[in-house]
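Colleague: I would like to learn how to read a few features of a structure. Could you take me through them one at a time?

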Amino acid sequence: MLTCAIIDDDEINRLTLEHYIELAPHLKLEASLADGIAGLTFFREGNKVDVLFLDIEMPHLNGLELLRVLTDPPEVIITTSRQDFAVDAFELRVTDYLVKPFDFARFSQAVQRVQSRKIAAAPAPQPAAESPANTDLFVKVNSRMVRINFDDVLYVEALSDYVNIVTAKQKYIVYTTLKALETRLSTFPNFMRVHRSYLLNTQHIESIEDNMANLRGGHFVPIGKSYQDGFYKSLQRI
């Protein structure tokens, strides 16, 4: 059972969330509040929940400001009519980002993500490497926020102050550095720095010849000389 709280000044959306929570037998609503100040008071009084459904645009104290004030926030699912807060929200490590209006299926998907993160964070009976529960990344491409699944990425190429994120279907030019993205991907064992200008997703390698990785879809990535020893040692081979 997951305990929940709602903080949203949109009465219609608040009632919708209350109804969705009532339909889900594994959810229990503890509080439904209409503004950020009431939410801050709720948590400062010592109340705790597993998941918080949080609007962003609220008077006096908006959702992002509330998150920055809370010292130990629960799993947070943003519920907002605006898409342009996604970067700021995910920098605050929210679990999911729902754009109003959303249906029960999308609501359930967000709750499932919370459950997955809870399971991943639970102590394991034996030490084991676990893959991160959240395998998605929001990147800003021109004026759009685009969701990219890490598993779909073939490789990342440095382009000065930008990077080229390449999937089997599309390329995304993103304003960031290769070093910053390498840090973001450091918990994913399939990603390796194989060249001063390339990060490679090794699960997409089909063959290697003359220090050149041949990837699915006819893509090629060079293996830099200073990276070759570590790269070849990491491969499972006979």
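This is a predicted model: local features need pLDDT of at least 70, side-chain atom pairs count only at pLDDT 80 or more; totals for chains, interfaces and linings use all residues.

Colleague: How many salt bridges does the structure hold?

Modeller: A salt bridge is a side-chain nitrogen of Lys or Arg within 4 Å of a carboxyl oxygen of Asp or Glu, and the structure holds twelve. Lys100 forms one with Asp55, their closest N and O atoms being 3.4 Å apart. Lys100 lies in the loop between β5 and α5 and Asp55 in the loop between β3 and α3, so the pair ties together parts 45 residues apart in sequence; helices (H or I, at least four residues) and strands (E, at least two) are DSSP runs, numbered from the N terminus.

Colleague: Are Lys100 and Asp55 buried or exposed?

Modeller: Buried means under 20% relative accessible area, exposed over 50%, and partly exposed in between, with a 1.4 Å probe and protein chains only. Both Lys100 and Asp55 are buried. Lys100 also forms a salt bridge with Asp10, at 3.6 Å between the closest N and O atoms, and Asp10, at 27% relative accessibility, counts as partly exposed.

Colleague: What lines the largest cavity?

Modeller: On a 1 Å grid over the protein atoms alone, a cavity is a set of points where a 1.4 Å probe fits but cannot get out, whereas a pocket is an open set with protein on both sides within 12 Å along at least five of seven lines; lining residues have an atom within 4 Å of a point. Among the residues that line the largest cavity are Leu137, Phe150 and Phe191, and about 60 Å³ of space lies in it.

Colleague: Which residues lie nearest the centre of the second largest pocket?

Modeller: Leu70, Thr71, Asp72, Pro73 and Pro74 do, out of 22 lining residues. The helix α2 gives the most to this lining, with three residues. Asp72 also forms a salt bridge with Lys48, the closest N and O atoms being 3.9 Å apart.

Colleague: In what order do the three strands of the open sheet run?

Modeller: Two strands pair if DSSP finds at least two bridges between them. Here the order is β13-β14-β15, with antiparallel pairing, and four bridges join β13 to β14.

How values were computed:
Residues are numbered from 1 along each chain as its sequence is written. Side-chain values use heavy atoms; hydrogens and water are left out. Grid points are joined across faces, edges and corners, and a volume is the space filled by probe spheres set on the points.
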